[in-house]
Amino acid sequence: MIRTHRPAAGVCALLAALAAGIAFPGHAVADETEQAAPKVELVLDVSGSMRTADIDGGTRMAAAKQAFNEVLDATPEGVQLGIRTLGANYRGNDRKEGCKDTAQLYPVGTLDRTEAKTAVATLSPTGWTPIGPALLKAADDLQGGDGTRRIVLISDGEDTCQPLDPCEVAREIAAKGVGLTIDTLGLVPDAKTRDQLSCIADATGGTYTSVQHKEELTDRVGQLVDRAADPVVTPVATEGTDQCSSAPALKSGLYTDREEFGQERWYKVDVNPGQELRASVSVAADRAVNPDYGVLLRAVTVHGREIVRGEASGTGRTDVISTGLRYPKAESDDEDTTPETVCLQVTNSFSAAGGVKTSPGLPVELTVDVVDSPSKASDVASFGLGRGWWLLGALVLTGFLAGLVWGWVSRWRVAVWRTN
């Protein structure tokens, strides 16, 4: 799927970013200075097709082993890493037994590089490709703790254990709000394998990468392990309601939710006089949807009067659509410091393609930030330019006058030339 915006969409995104304050909240919910240990599990396909010798003159299995050894040497201290296999043990033709063939080769925990390398060296391509069951087990392996959790799946073929669709498994994992990301890598994949691995990654906000060389595999797996060690703001799962009166009260932070097709969700935020509310929302199309869709974010009073809105639309050229808004509450003339309850309404106009499940809802990420108002409301309304409009106006006027002078001089020179 094409993931680039048209120029007009880029302009809209820029305005939305300006309106939302661009940055993540200054008072994020998670404390980045005391991050729990990140957990990563490498899930390796060891099915019979990994014997194929089409990666730099060697087998796919040999390329995977080399990549694992180099990644294990470079894994950052503090990352708890584990390894799970699929299709590594059962050699028979019983599909039912073959689809149970997933095992933890090395438990998630403090890394003993020698022990992990020894375990990898014993692997030999064997059986089936139970991707769905392996992802379910890997999610269980990573439970516990509040740190980053990441599954890195390396496979060279489609899941052979349908009807347990691995894409649906990934969506179920995401719907649980466990904050787990699945990244996928396809070793010389065909179109069907690429589509399936892309779907798995998209369902959890992960990435898909097609790999055809050993160095590409090593570099990409290493990047994903390193990324798990980066400080992050962990989103907090929340659940919006169908009306403002019963909506959850949010503070500054990053939140995740699910929203059905065409549904609206409500949230509440308290804003004191002299403060500014900055909010943005992103809705992801984690499954096939019809083109022409949009998202609307409205700030409304408890009495239903609209204060400000942000909206964006798409035509199927991107998987995520975002918008934002800003609302500065003026200082009170008296000593009244009573906060105003602002209702945030998130509405989407996505529609499902034929045969696509509508449950669970689409992933929603909501950013809320309440800060001291940086300037007067009139300045904020100018897309954050404030008094910069004076400079912009001066530049426009200067350009206009310069154009008039240049035009007069040019006509004078032409007149003189014709006279002579």
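Q: At what angle do helix 2 and helix 8 pack, and how far apart are their axes?
A: This is a predicted model, in which local features need pLDDT of at least 70, side-chain atom pairs count only at pLDDT 80 or more, and totals for chains, interfaces and linings use all residues. Residues are numbered from 1 along each chain as its sequence is written, and side-chain values use heavy atoms, without hydrogens and water. Helices (DSSP runs of H or I, at least four residues) and strands (E, at least two) are numbered from the N terminus. With axes as lines fitted to C-alpha atoms, over the stretch in contact for helices, and angles from 0 to 180 degrees between N-to-C directions, helix 2 (residues 60–74) and helix 8 (residues 214–228) pack at about 35 degrees, their axes 9 Å apart.

Q: Which residues of helix 8 meet helix 2?
A: Contact means heavy atoms within 4.5 Å. From helix 2, the residues involved are A63, A64, Q66, A67, E70, V71 and A74. Their partners in helix 8 are K214, L217, T218, V221, G222, V225 and D226.

Q: Why is helix 5 described as largely enclosed?
A: The buried residues of helix 5 include I131, P133 and L135. Helix 5 (residues 131–141) is largely enclosed by the rest of the structure because the buried residues number 8 of the 11.

Methods
Buried < 20%, exposed > 50% of the residue type's maximum accessible area, 1.4 Å probe, protein only.
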